[in-house]
Amino acid sequence: MIVPDNFPSCIFQRATAVLVVRIFLGSVFIYAGAGKLWDLHGFAIIIEEFGVLPLGLLPFVAVGLPVLEILAGVGLVWNVRGSLTVITAMNLMFMAVLGYAMYEGLVIADCGCFAAGEVPSGYDDGSALRDAFIRDVGLLSACCFLFVSSMRKKQGVKIL
């Protein structure tokens, strides 16, 4: 297999790669939002464990965040303008909350990223937060890939 000299920029020009990443990222957020909606009470309890919201806002966030995740995920799959920005902002917010929890030394076994109660054994030491943060870095990388791809497209670079 011969790798072209412009390989790093070449990957951003591939419409198929952009489509696959867009559908993957959108699907992750749809799945995550649906899992939270399935158990709103459990998700609200997880949010409360982080201690970053006043209790009065808890019900609104417990419902609103999963709905926003689903809508933004569907929007990204269908390439609706603004969806990638919303997903990137949510991802950065999730990383900030996880970073805060790790900094504070909180031991939260279930990060609340997907469905409440999905805790693998051995995660009662707080390492689930670290693993979720690393996963979010990967999702943020996918967001960056899509942003760079869209900028290249707007600049008139021919997409193969």
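At what angle do the axes of α4 and helix α5 cross, and within how many Å do they come?

A: Keep in mind that this is a predicted model. The axes of α4 and helix α5 (residues 83-104) cross at roughly 140 degrees and come within 8 Å. Over 145 degrees would count as roughly antiparallel, so α4 ends up oblique to α5. The crossing of α4 past α5 is left-handed. On the α4 side, the contact is made by Leu65, Leu68, Glu69, Ala72, Gly73, Gly75 and Leu76. From α5 come Ser83, Leu84, Val86, Ile87, Met90, Met93 and Phe94. Sorted by class, the contact of α4 with α5 has 10 nonpolar, 3 polar and 1 charged residues.

Now for another partner of α4. Helix α2 (residues 15-38) packs with helix α4 (residues 58-77) at an angle of about 155 degrees, their axes 7 Å apart. That angle is why α2 and α4 count as roughly antiparallel to each other. Here, too, α2 passes α4 in a left-handed crossing. Among the α2 residues making the contact are Arg22, Ile23, Leu25, Gly26, Phe29, Ile30, Gly33 and Lys36; α4 brings residues including Val63, Pro66, Val67, Glu69, Ile70, Gly73 and Leu76. By class, the contact of α2 with α4 has 14 nonpolar, 4 polar and 3 charged residues.

Technical notes. Residues numbered from 1 in each chain as written. Predicted model: local features only at pLDDT ≥ 70, side-chain atom pairs only at ≥ 80, totals over all residues. Heavy atoms only, no water. Axes fitted to C-alpha atoms, helices over the stretch in contact; angles between N-to-C directions. Helix = DSSP H or I, 4+ residues; strand = E, 2+ residues; numbered from the N terminus. Parallel < 35°, antiparallel > 145°, perpendicular 65-115°, else oblique. Left-handed = near helix turned anticlockwise from the far one by under 90°. Contact = heavy atoms within 4.5 Å. Nonpolar A, V, L, I, M, F, W, Y, C, P; charged D, E, K, R; others polar.
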